[in-house]
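This report looks at one helix and at the aromatic contacts of the structure shown below.

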Amino acid sequence: MSKKINRTVIKYFLSYLLIFLITVISLFMVYRSELIGTLTRQFEQNALSRLNNAASGIDEDIKRLHTLNTLITGNVDILLAKYSDVPARASNVRGELQKYIAGDNYVLGAVYIDKIKDRMYSYNKEHYLTYADGTITIHTKRGLFRFDPGEYNDSNADRLVYTEADGQYCLIYYPVNHSYYNYTSFFILDNRMLTDVCDSLETEAVSSCIITDGQHIFGSVDASLLLNGRDTDAAVVIEQADYSALCVSEEFAGGLRLCALTSGEELSKAIYAAWFDNLPIFLLIIALGLIIVLALTYFSYNPLSKLARKLRDADVTHKDPLQALDQTLTKQKLRSSDLEEKIEYYRTLIKKSVLDSLINASLSPEDRAPSFDYLFEPNSDCYLAVAACSAVDADSGAVFLAENMD
């Protein structure tokens, strides 16, 4: 096949290939978009589900302190009424407090203040407490934290209280303590338990995690890196750059929320892994598509090539099937036009001959002129023949009519 014919094949091939490429690219973009969307939602929902489960667990542990407080205050009231000796009271009350909180990982200390005697009873695992003028000083390795229980009396619900010193927080669970109660009780919580929960949630999928109420932070990162000043009222997923997202849990324990930043790098790895898992299918689609393109090229070009060979004229110089076919059809059209002109010319000559015969017949002494209408009727079995002689009589010509009798 010549170079020009190859160009025609290439044109056909490229036209089908272009349609195929547009289809494959569109399919790939749709697949990529759906893949990223599906994996992102799955990634974020898994992280949010883990946060809500952890938040629910912490909330249950803290709410359990309300029941624990009821048990402690009831038993301590009985002990204070039973023992009048102050040393015995202190020892027995401290033992009662220890009995309830010794195995609780969330609680570092329990405090009971007898308002009538203005005396504090406490049990602490790590800290040392002093009480003077209604203010409690908590001595810790991180610093001194001062807490005035009277500021939080008459609250209608249990609450978490944050005492701050040198950028550090001491977290206190403060049950309902009305001013008409004979006592004030509360628990000192272990901040490290909240930090440990955040650390346990940090995996390859979660790059960082904190617990915060919007102002106070428990965890290893600054809240500004996660919340960016956002205030949310419900569990939410906030999209970030580079496939990462900020997941905020449901509210628990009186205003706390777990906030986690998902790892965009891990999500990218999951997307690429899913893409490579489906790569053989795309390669198969591309291979089948190329076979279809080749088949369409063959079935489109082959009939045209055969038609061009059938209509090929010796005078046609183009070897390109399209150009050869065009030139052949043009030449056929010109030949048809020439043939029509020749037929019209001979028809005129015949009519002239017939008219001349009629005129000559009218001048003859015969009564009736011959009729030549049947010569021009369609599907006639009669044919008109005109013979030209090299020498004719000067007075008349020679016209012969031959009738086909078959």
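Is Phe282 buried or exposed? In this predicted model, Phe282 has a relative accessibility of 10%, and because buried means under 20%, Phe282 counts as buried.

A search of the whole structure finds 17 aromatic pairs. Among them is the pair of Phe147 and Phe186, which is edge-to-face. Phe147 belongs to strand 5 (residues 143-147) and Phe186 to strand 8 (residues 183-189), so this pair ties together parts that lie 39 residues apart in sequence. Both partners are buried, Phe147 at 2% relative accessibility and Phe186 at 1%. Trp275 and Phe282 also form an aromatic pair, and its geometry is tilted. The two pairs are set out here.

| Aromatic pair | Centre to centre | Angle between planes | Geometry |
|---|---|---|---|
| Phe147 and Phe186 | 5.0 Å | 70° | edge-to-face |
| Trp275 and Phe282 | 5.1 Å | 55° | tilted |

Trp275 and Phe282 also belong to one aromatic cluster, which they form with Phe28 and Tyr31.

**Helix 2**

Helix 2 covers residues 86-101, and at 1.5 Å a residue its 16 residues should span 22 Å, which agrees with the 23 Å that separates its end C-alpha atoms. Within helix 2, the residues Arg89, Ala90, Val93, Glu96, Leu97 and Ile101 are buried. Seen down the axis of helix 2, these buried residues fall within an arc of 135°, so they line one face of the helix. An α-helix has 3.6 residues a turn, so residues three or four places apart point the same way. Pro87 and Lys99, on the other side of helix 2, are exposed.

Note on methods:
Residues are numbered from 1 along each chain as its sequence is written. This is a predicted model: local features need pLDDT of at least 70, side-chain atom pairs count only at pLDDT 80 or more; totals for chains, interfaces and linings use all residues. Side-chain values use heavy atoms; hydrogens and water are left out. Helices (H or I, at least four residues) and strands (E, at least two) are DSSP runs, numbered from the N terminus. The expected span of a helix is 1.5 Å times one less than its number of residues. Buried means under 20% relative accessible area, exposed over 50%, partly exposed in between (1.4 Å probe, protein chains only). The arc is that of the directions from the helix axis to the C-beta atoms. Rings of Phe, Tyr and Trp (its six-membered ring) pair if their centres lie within 6.5 Å; planes under 30 degrees apart count as stacked, over 60 as edge-to-face and the rest as tilted.
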